[in-house]
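Thank you all for coming. Please look at the sequence and the model on the next slide, and then I will walk you through a few of the contacts.

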Amino acid sequence: MGKELSKEVYVVGNKQFYGSALKKKQALFNSEELYTKWKAWFDKHHYFLNEKKQSSKALPDGKEIKIEWQAERKVDEYVKFHVLIDCWILRCTDVIVEAEGKKQKMQKADFEIRFKGFFEKDYRGKWKNETLRRIYDRFIIKSRLEKMEGKIWYETNDLINLTKKYVQMISP
């Protein structure tokens, strides 16, 4: 009991806080390639991607970059999935790295990437009577909503694992 009270069911993080976080100090990465991998993942899973915020400022010790992405996907007429990424990149400098005999431009930085995954019930606002919506959630479609919880958990963690694998693959 309890999940039917809210229209949003968080499986990674919660309303106030992000869930899983990936932190790295002085990591090497290719920001364009990471962006491309994320974009491809959202496209593959049919999410509409909204780049909520992207800011960059030059500081004496390197660039500071802030990125906020919100992605959503309508699963059916009642449920919509949401995946959020919050990325801070600090002390970002461009470096040339030689890998497999080829020189390539990468970035060296400290960063923290946080993720949040949840689904929204009755996103179209069709249920005017909140009590009836809760009864519907708790007794009529309970098993379907439990499957949705597992699915959004899996998708969010798949994105987290893709990011971890990519960052570990290129970290020194």
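Predicted model: local features only at pLDDT ≥ 70, side-chain atom pairs only at ≥ 80, totals over all residues.

**A charged residue and its partners**

Residues are numbered from 1 along each chain as its sequence is written, and side-chain values use heavy atoms, with hydrogens and water left out.

Now, where does Asp86 lie? Asp86 belongs to strand β5, which covers residues 79–99; here strands (E, at least two residues) and helices (H or I, at least four) are DSSP runs, numbered from the N terminus. Asp86 counts as buried because its relative accessibility is 4%, where buried means under 20% relative accessible area, exposed means over 50%, and partly exposed is in between, with a 1.4 Å probe and protein chains only.

A second polar contact, also given as 2.6 Å, joins the side chain of Asp86 to that of Lys66. If we leave aside its neighbours within four places in sequence, Asp86 is in contact (heavy atoms within 4.5 Å) with Tyr18, Lys66, Ile67, Glu68, Glu112, Ile113 and Arg114.

**Salt bridges**

As a general point, side chains of opposite charge can pair when their charged atoms come close. A salt bridge here is a side-chain nitrogen of Lys or Arg within 4 Å of a carboxyl oxygen of Asp or Glu, and a search of the whole structure finds 16 of them. Asp86 and Arg114 meet in such a bridge, at 2.6 Å from N to O. Since Asp86 lies in strand β5 and Arg114 in strand β6 (residues 102–121), the pair ties together parts that are 28 residues apart in sequence. There is also a network of salt bridges, which links Lys66, Glu68, Asp86, Glu112 and Arg114.

Let us turn to Asp137, which forms a salt bridge with Lys121, the closest N and O atoms being 3.1 Å apart. This pair links distant parts of the chain, with Asp137 in helix α2 and Lys121 in strand β6, 16 residues apart. Asp137 counts as buried at 2% relative accessibility, and Lys121 counts as buried at 1%.

Asp137 also forms a salt bridge with Arg133, where the closest N and O atoms are 2.5 Å apart. Because Asp137 and Arg133 are four residues apart in helix α2, about one helical turn separates them. Arg133 counts as buried, at 0% relative accessibility.

Which residues of helix α2 (residues 130–140) are buried? They are Arg133, Tyr136 and Asp137. Seen down the axis of α2, these buried residues fall within an arc of 95°, so they line one face of the helix; the arc is that of the directions from the helix axis to the C-beta atoms. The face turned away from the buried side carries the exposed residues Thr131 and Phe139. At the start of α2, a side-chain oxygen of Asn129 reaches to within 3.0 Å of the backbone nitrogen of Thr131.

**Aromatic rings**

Finally, the structure holds eleven aromatic pairs. Rings of Phe, Tyr and Trp (its six-membered ring) pair if their centres lie within 6.5 Å, and planes under 30 degrees apart count as stacked, over 60 as edge-to-face and the rest as tilted. Phe29 and Phe111 form an edge-to-face pair, 5.3 Å centre to centre with 65° between the planes. The pair links distant parts of the chain, with Phe29 in strand β2 (residues 21–29) and Phe111 in strand β6, 82 residues apart. Phe29 and Phe111 are both buried.

To step back to the whole protein, there are three helices and six strands, and 40% of its 172 residues count as buried.

Terms used. Polar contact = N/O pair within 3.5 Å; in protein donor to acceptor, adjacent residues only side chain to side chain.
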